[in-house]
Amino acid sequence: MTHCDGRGQVLLQRLLFTAGGNPATGGGAAGGLDGGVGGESPLRHVTTIPGRPATTVQWPCWVPDQLRESLIAAGVAAPWVHQVAVAELARADRHVVVATGTASGKSLAYQLPVLTHLLDDEQATALYLAPTKALGADQIRAVTALGLAGVRPAGFDGDTAMAQRDWVRSHARWVFTNPDMLHHGLLARHDRWARLLRRLSFVVIDECHAYRGMFGSHVALLLRRLRRVAARYGAHPVFVLASATVADPGISASRLTGLDTVAVTEDGSPCGERTIALWEPPLLDELTGENGAPVRRSAGAEAARMLADLVIEGARTLVFVRSRRGAELTALGAQRALSAASAGDLAGRVAAYRAGYLPEERRALETALDAGELLGVASTNALELGVDITGLDAVVLAGYPGTRASFWQQAGRAGRAGSGALVVFVARDDPLDTYLVHHSAALLGAAVETTVLDPTNPYVLRPQLACAAAELPLTDACVDSLGGDVARSVVDDLVAEGLLRRRSGGWFWAAARQRPHPGVDIRGSGGHPVAVVEADTGRLLGTVDPGSACTAVHPGAVYLHRGDSFVVDELDLDSGVALVHPEEPEWHTSARSTTDICVVSTLAQRRCGGVSVTLGEVEVTSQVVGYLRRLPSGQVLDAVPLEMPPSTLRTRAVWFTVSEDLLEAAGLPFAAWPGALHAAEHAAIGLLPLVATCDRWDIGGVSTARHADTGEPTVFVHDGHPGGAGFADRGHAALAPWLTATRDAIAACECPSGCPSCVQSPKCGNGNDPLDKAGALVVLDTVLSCLPSARHPVAASA
C-alpha cells in the first residue's frame, strides 16, 4: 500500500497560520480539515483524495531483453496494467489512446511498442508530437537515457540548429517534434523526409487534450495531411495518443485523428494522498478599485506568499500562474519575501518559467528544476504538459486555468513520487473563480469537459486544403475525408480565386514556386511573433503573440523578463518589433478595448416567451483605446488613452434578447437597463469556461439596451477566433446551466454593488461603467424564468 504521511495537511496548516486564519477552523488535525470552511479563514473548502497502490503485471514476452533490462535499470521493476494494455493494442495495429492520471507512466505505454518495433526492424521509423518544446525535450532525454543502440532519437523543433536538421532527416529513426514543425518543416518538404515517411510505423501524440479550439481544429487537419502523405510513401502508421485528462477519450481521439480509436482508462499506477484546498484571498478594507469597488488581495500576491512559506518549509513547490507577467511577479514576490524573512539563501532557489524565454534560458531552468537545484518555480502552463517533474510536495494554482482538464493536469504535478502532497487553488478576483471556490462540486465533483474542436470550420479548412494541395494533388476522396460538403465549397472558392486548378488527376496548387505553408498560423495567434527588443542595446528579450501585442506591449506597457522590468517605448506592428527601455515603476498596466458587433447570419434560434436565444455569425470590430496603471495592491492610479489600430473579426456568437415588456414587468427601470445588461454580459463571459473548454480571453462580448440588428435589449458572447472555435456553440447548447451558474456567482458575491469577483471585467473598454449588479440578477432571473430546465445542474453540462 502507498504510505500517506499527511504531508499535504501539515503544509496547509502552515499556510493557514501565516495567513492569519485559524488552522483549527475545520477541525485541526490531519484529516479533520475536510469539508466546507468559512468564517475569517480564507479557506473555503478542503478535501483529501486518498492514495492508491500500484497494479503491476509481468513484462510481455515480446519485449526484447535489451529494452527490458534498460527499463529495469532505469527504475521500472515491472509495468503497470494500463501500460501493457496500451502496448498490446498498439502491437495489434489498433489506434489507441491512454487516458489515465498525471504521473501514471503514459510514456512507457507508448515507448514499449515503439521501441520494441524499432529494435526488431532496423529500418522502421516513428514520429512523436508534443504541444510544447519542453515536453518534447523531456521525452528525448528519457529515451536517450535508455542507451538503446540503433534507435537514434532526435529532436526537430524551432531550436534545432540547421546542420543538426540535416542529420535528423538523414539518420534519426524516432523524431520528436511538434505540430508547428510538422506543418512548416516536414509536410511542406515531404520529399526530403522520404526515408522517415516510407517506413513510418508509429505516430505518438502526447497530451492530446491540449489540442482544442482553433489550434485543435488545425492539428486535426494536420494529422489527416500527415496520414495522406505517409500513404503516398506506402506507410499506414499506428496512432498512439496520451493524455491525463480527456473526456470521452475514445471519441475525442477519433475526432482528432479521423481514425477509429480505442481508449484505455484503467489506471494501475500508484498515487499518493493529496490534500486539495480552495482558497479565496480576503477583501482589503483599506483599498478600493475601479469605480470604488472593493479589492481582494490578488491571487498572484497570495501565491507569492505561499511559495515563500512552502520553500521555507523545504517543500518543492510549483506555482501555476495565468500569464507570463504573473509568473515573473510571483517569483519576484517570493524572492523578496524570502529575503525579508532572513532566508535570502533560499531566494536564489526560486525562479520563473514561461514561454517567450530564449531556448538556452528554458533549457537551463528545466535542468535546474529536474536536478532539484530550484526549490520553487512560478510557471505559466508551459510546465503544465507532461514535463517529468517528480517529488513535488505542493502545487499552487493562482487562478482557475480555464478548464477542469487543465486543473487536474496541473494538480497532478503534486505527489508524483507517491508521497502525500498539497494542492491549493487560489481564486482570482474573477466571477468564475469566485463561483468555483463557493461551489466546490462544480470543480472537484464534475467530469472534465468534452474537447471542443471543429475541423470543418471554413477558416481552418481554407489554409489546410491549400497546404494539402501543395503537398499532393487533392482528389474527390481526399476532399470528402477532410470536410465533406464544406470542404468542397472551400475548394470551389480556391479555384475561383486561381489558387487551385482542376485537372483530371484532381486539384493542383497553382503557384508551385510559392508554397502556402509559411502564411498559415496553426495556433491561431495571428501571424509571426512580435519581438521585444531593448532599444539601447538591441538585445532580444523575448517574443509576444501578435494577437496579444496591442494589449501586452502597447506604448507605455510594463513588460517583465526574468524579474527585470521594462517599459515599452514603441510598438511597430508592421515590422513586428516592440522597443523597450529598463525601468522599475511601482505600477503595472492593463489594456482596455472597445467592441462593436453586427449580426451577419442566424444559424439557430428559439423563442421562449419574451426571450430569444440565437446562435449565429457576427462581425466584431475591436480597438485598444487605453490602459490602466495599477499598484500591486490593485488600486488604480489613472487611465491613459491610446490610439491603436482597430481589428475586425468574423466569428460565431451566442446571444439572448429579453423583451422590454418583460424587463418593465420585472420592475427594472429603463435607466438601469444598460448597466444591468453590461453586468450580466461580464459575468456570463466569466462563467462560459465552466461549460466550454475555453478561457475568458478566448471569448468576448457586447451588450446593449437596444441592438440595431435585434431591436431589443441584447447580450452577445462571441468566440475570439476567425470562424469560431466551438465555444459559442457550447454556450448555446448549455445556455440554461451556464446562465444559472452566472446568476448564482453574482448572488453569492459579498460585495454590495459589483466587483471583479462578480461583474467587473479586467478587459472592459468602458471602464466597467455602467454596471448594475442588482439589475443583472433581475435580467438573468427574467431570462431563466422563460427557459426550460433553468435549474439544470452545471456538472451535467460537462
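The following legends describe close-up views of a predicted model.

**Figure 1. Helix α7 packs against helix α9.** Two packed helices are described by the angle between their axes and the distance between the axes. Here helix α7 (residues 179-187) and helix α9 (residues 213-232) meet at an angle of about 40°, and their axes lie 10 Å apart. The crossing of α7 past α9 is left-handed.

**Figure 2. Residues in the contact of α7 with α9.** On the α7 side, the contact is made by Pro179, Leu182, His183 and Leu187. Their partners in α9 are Phe215, Val219, Leu222, Arg225, Leu226 and Val229. By class, eight residues of this contact are nonpolar, one is polar and one is charged.

Figure 3. Strands of a sheet pair through backbone hydrogen bonds, either parallel or antiparallel. In this open sheet the pairing is parallel, and the strands follow the order β5-β6-β4-β7-β8-β3-β9. At the edges stand β5 (153-155) and β9 (262-264), each of which pairs on one side only. On average, neighbouring strands of the sheet are turned by 20° against each other, with direction ignored.

**Figure 4. Strands β7 and β8, and helix α7 on the sheet.** Strand β7 (residues 200-206) and strand β8 (residues 238-243) run parallel and are joined by five bridges. Valine 204 is placed opposite valine 240 in β8. Helix α7 also packs on the sheet, where it touches β4 (125-129) and β6 (174-177). The direction of α7 makes about 125° with that of β4.

Figure 5. A pair of aromatic rings is described by the distance of the centres and the angle of the planes. The model has 10 aromatic pairs. One of them is formed by tyrosine 110 and tyrosine 128: the pair is tilted, with 6.0 Å from centre to centre and 50° between the planes. Because tyrosine 110 belongs to helix α4 (residues 106-120) and tyrosine 128 to strand β4, the pair ties together parts that are 18 residues apart in sequence.

**Figure 6. The hairpin of β11 and β12.** Strand β11 (residues 283-288) and strand β12 (residues 294-296) run antiparallel, and three bridges join them. Leucine 283 stands across from arginine 296 in β12. Five residues lie between the two strands of this hairpin. In the turn, asparagine 291 has a positive phi of about 60°.

Note on methods: Residues numbered from 1 in each chain as written. Predicted model: local features only at pLDDT ≥ 70, side-chain atom pairs only at ≥ 80, totals over all residues. Heavy atoms only, no water. Axes fitted to C-alpha atoms, helices over the stretch in contact; angles between N-to-C directions. Helix = DSSP H or I, 4+ residues; strand = E, 2+ residues; numbered from the N terminus. Left-handed = near helix turned anticlockwise from the far one by under 90°. Contact = heavy atoms within 4.5 Å. Nonpolar A, V, L, I, M, F, W, Y, C, P; charged D, E, K, R; others polar. Pairing = 2+ DSSP bridges. Phe/Tyr/Trp six-rings, centres within 6.5 Å; stacked < 30°, edge-to-face > 60°.
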